[in-house]
Amino acid sequence: MITIEEIVDFTKDFLKEDNIFPDTDIFSLGIYGDDMDEFLGSYHKKYGVNFDNYLWYFHNEEEISNNFSIGKIFFKPPYDSVERIPITPEILTKFANTKVWEIYYPEHQLPKYRYDVLIDQIIFGGLALIIIYISLKDCFGRN
């Protein structure tokens with residue numbers, strides 16, 4: 001049986017953080033995006049937990065959320081459309097012992113497409129094309 005102390009120690013070691021307790025919300029430590037994915041990937045590898053039922057947007061944000069996003073002004077990303085559910089060492093201990101990610105998520109509906117991302121891609125892609133056009137015009141337009 002995997003103990004809460006083992007999971008707390010695993011979490012402390014991985015995150016290089018001392019102030020972790022059984023009820024500490026990992027997200028509250030500033031762990032999100034790729035860092036959260038790496039942490040959960042290491043946890044999965046060590047404890048063999050099946051993540052088939054894991055819905056990232058209930059627990060995590062994307063790295064891009066801290067960067068500039070015009071699309072977010074008009075359309076909510078998935079993690080802003082649901083109420084966040086904390087990931088704690090207590091929960092991780094339970095799943096390490098059952099080997100299954102067993103959170104029953106509330107009923108929810110996500111849009112079929114990520115319009116927030118699509119808007120950002122169009123805007124930043126358009127800006128990139130304009131910059132390339134101006135650069136090429138300057139390079140080849142000179143005699």
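Before you click anything, one term: a residue is buried if its relative accessible area is under 20%, exposed if over 50%, and partly exposed in between (1.4 Å probe, protein chains only). What you have open is a predicted model, where local features need pLDDT of at least 70, side-chain atom pairs count only at pLDDT 80 or more, and totals for chains, interfaces and linings use all residues. Residues are numbered from 1 along each chain as its sequence is written, and side-chain values use heavy atoms, leaving out hydrogens and water.

**Stop 1: helix H1**

Select residues 4–15, which make up helix H1. Helices here are DSSP runs (H or I, at least four residues), numbered from the N terminus. The expected span of a helix is 1.5 Å times one less than its number of residues. For the twelve residues of H1 that gives 16 Å, which agrees with the 16 Å between its end C-alpha atoms.

Now colour Ile7, Val8, Phe10, Thr11 and Leu15: these are the buried residues of H1. They cover an arc of only 160° around the axis, so they sit on the same side of H1.

What covers the buried residues of H1? H2 and H4 are included in the cover, with contact meaning heavy atoms within 4.5 Å.

**Stop 2: helix H2**

Next, select residues 33–47. That's helix H2, with 15 residues and a reach of 21 Å from first C-alpha to last, close to the 21 Å expected. Its buried residues are Gly33, Met36, Phe39, Leu40, Tyr43 and Tyr47. Look down the axis of H2: those residues fall within an arc of 130°, so they line one face of the helix. Lys45 and Lys46 are exposed on the face turned away from that buried side. The cover over the buried residues of H2 includes helix H1 and helix H4 (89–98). Just after H2, Gly48 has a positive phi of about 65°.

**Stop 3: the rings**

Show the side chains of Phe, Tyr and Trp. Rings (for Trp, the six-membered one) pair if their centres lie within 6.5 Å; planes under 30 degrees apart count as stacked, over 60 as edge-to-face and the rest as tilted. That rule gives 15 aromatic pairs. Zoom in on Tyr43 and Phe51: their centres are 6.2 Å apart and their planes at 80°, so this pair is edge-to-face. Tyr43 is buried, with a relative accessible area of 0%, and Phe51 is buried too, at 18%.

Then pick Tyr54 and Trp101, another edge-to-face pair, 5.0 Å centre to centre with 85° between the planes. Tyr54 is in the loop between H2 and helix H3 (71–74) and Trp101 in the loop between H4 and helix H5 (115–141), so the pair ties together parts 47 residues apart in sequence.

**Stop 4: the core**

Finally, which residues have the most contacts inside the largest nonpolar core? They are Met36, Phe39, Leu40, Tyr43, Tyr47, Leu92 and Trp101, and the core has 28 residues. A nonpolar core is a set of buried Ala, Val, Leu, Ile, Met, Phe, Trp, Tyr and Cys residues joined through side-chain atoms within 4.5 Å. H2 gives the most to this core, with five residues.

Note on methods. Helices (H or I, at least four residues) and strands (E, at least two) are DSSP runs, numbered from the N terminus. The arc is that of the directions from the helix axis to the C-beta atoms.
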